[in-house]
Amino acid sequence: MKTTAGFDLVPKLSCTSPEDQKSWNTFISQIRTQYPSNPNVQFKENYILFKHFEAEEHHPMLPYIGHKFLRFSSSINPNPGDNSILNSDFLSVLHTVCGIAKNIFGKKFRWWRDDLKEDGEGFYGWQEVWESWASYDMPNDPTPSPPPNINPLASPLFKVQTIPSKGRGLIATVNIPTGTRILTESPLFTIPSPPIPSLETSISKTLKPLSKEKQSAYHSLHNNYQSPSSTSKIKTPPLSGIFKTNAIPCGYNSSIAGIYLTICLINHSCIPNTYHNWNENLEQETIHAIRPINAGEEITISYISESMSNPRRKRLQECFGFDCQCQLCTSDPKQLESNDERRQRILELNESIMSNVTASYSTTTIDSTPIDCLKDCRRLIGLLGQEYDGSAVNFEGGAYYDAFRVCIRQGDQARAKVMVGRAYEMRVLCEGEDSESSRDLKRLVMNPTVHKMYGLSMKWRSEVEDVPEGLEGEEFEKWLWREG
Ligand SMILES: [Zn+2]
């Protein structure tokens, strides 16, 4: 009787975690040490191959790149018969490899054997396991962490898939925790605005020296300006149409926009689960999960800044040629109305906070109501959490930064430090530690007084050491927001 046994690593190793890479390298080097000259353990260019008599279709393998790994398994013969010599040799190899893996990966190591109820079947589906095995022989990323232009087919976190009525999109292949850098990508090319001489000529010149694959990948991107549903009356030439549909500005308010072969495939949602950002230091666009994304869920970003349902849907239709069918837009009219009311309130609070925080900060004029402004910030954070399904870290971080400015302006270093600490944590979730804004916020966390608003008033003067100890939960929040 034959059975299949082996182990999975759950969750799989991350391509962006130096710890994961380190432990995988340790694992591989221990295997190497264990089998310096076993003819059945062969060190190939990209993986270790375990030649095993029983495995007719597949010999167990271990890739040199840890994040490609899901499973090490093989059919075994638990009751050795005629071929017992090789089989028992392999059983001892399996035993050794599993022992080393268990030792290094601890809780991530999951042993299973499909004929034993208590061990059960493996964690991953066979389809994804076969795909992972196939990826072992694909070219390795030149820099391990994070890979610059992730080939979507080789990405450990998502796959490119056709989605009904949406064209291509990205689907998570594993559960992705909040703050995960899902993707960083260099632009295929960038074009400044206004383009000289014309957009069409500029793109044509830029595409010419690129490889045939890249050119055809560009042509395969969606072009809203040639679809029958396009509302644009003026005919847009094809290269420009693709550019206008897909280009993303390289940074907030940047006059330069870039095209990305993978990021441009991410579809829109009005409650997106990721945040995209131009990272000046990497000179790449990054995509971070802003809430937990389940395996099988579509990865989405927001294409627009419009908030209320009518202008939002109108703009999506005009600029991108689709009628948004996201969870929010397809909710019943009553629900949509209450969302709109909340979003309206969010807009108003934002506006009032902004005018309060930025009012005449270059003079010594003190806001009339810094306390009210803090109240507004707290209210805003509450509403954002409700409206965005717990995925508002990008907006919430902004509200904490505003609260920081209110406090530092009044000389209150203790509260300012807590506020900017939270703003920083949320920024890191959205952009990573290496983005320019994360670094700016970190400087303020280290020393809030370097902010230009510091001490315009000393009405709330405190030192950073004045953060009270022993207050927890709502008690701490009450102190922080100067309530009660
Ligand atoms: Zn929508």
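## Strand 9 and strand 15

Strand 9 and strand 15 (residues 284–289) are paired in the antiparallel sense over 4 bridges. Two strands count as paired if DSSP finds at least two bridges between them, and strands (E, at least two residues) and helices (H or I, at least four) are DSSP runs numbered from the N terminus. Within strand 15, Thr286 is the residue opposite Thr184.

This is a predicted model, in which local features need pLDDT of at least 70 and side-chain atom pairs count only at pLDDT 80 or more, while totals for chains, interfaces and linings use all residues. Residues are numbered from 1 along each chain as its sequence is written, and side-chain values use heavy atoms, with hydrogens and water left out.

The strands belong to an open sheet of 3 strands in the order 9-15-14, with antiparallel pairing. Strand 9 (181–185) and strand 14 (274–279) are the edge strands, each pairing on one side only. On average, neighbouring strands are turned by 20° against each other, direction ignored. Helix 11 (residues 413–431) packs on the sheet and touches strand 9, strand 14 and strand 15; the directions of helix 11 and strand 15 make an angle of about 110°. Contact means heavy atoms within 4.5 Å; axes are lines fitted to C-alpha atoms, for helices over the stretch in contact, with angles from 0 to 180 degrees between N-to-C directions.

Strand 14 and strand 15 run antiparallel and are joined by 6 bridges. His276 has Ile287 of strand 15 as its bridge partner. The hairpin of these strands has 4 residues between them, and there Glu283 takes a positive phi near 55°.

## Burial of strand 15

Strand 15 is mostly covered, with 6 of its 6 residues buried; buried means under 20% relative accessible area, exposed over 50% and partly exposed in between (1.4 Å probe, protein chains only). In a regular strand the side chains alternate between the two faces of the sheet. Gln284, Thr286 and His288 point one way from strand 15, and Glu285, Ile287 and Ala289 point the other way.

## The zinc site

Cys270, Cys324, Cys326 and Cys329 coordinate the zinc ion through their SG atoms at 2.3 Å. Donors are N, O and S atoms within 2.8 Å of the metal (3.2 Å for Na, K and Ca); water is not among the atoms, so sites may look incomplete. Along the chain the donors follow the spacing C-x53-C-x1-C-x2-C. Cys324 and Cys329 are buried.

The arrangement is tetrahedral because the 4 donor atoms subtend angles of 103 to 113°; four donors count as tetrahedral if all angles lie between 85 and 135 degrees.

Technical notes:
Four donors count as tetrahedral if all angles lie between 85 and 135 degrees; four count as square planar and six as octahedral if opposite donors are over 155 degrees apart and all others between 65 and 115; anything else is irregular.
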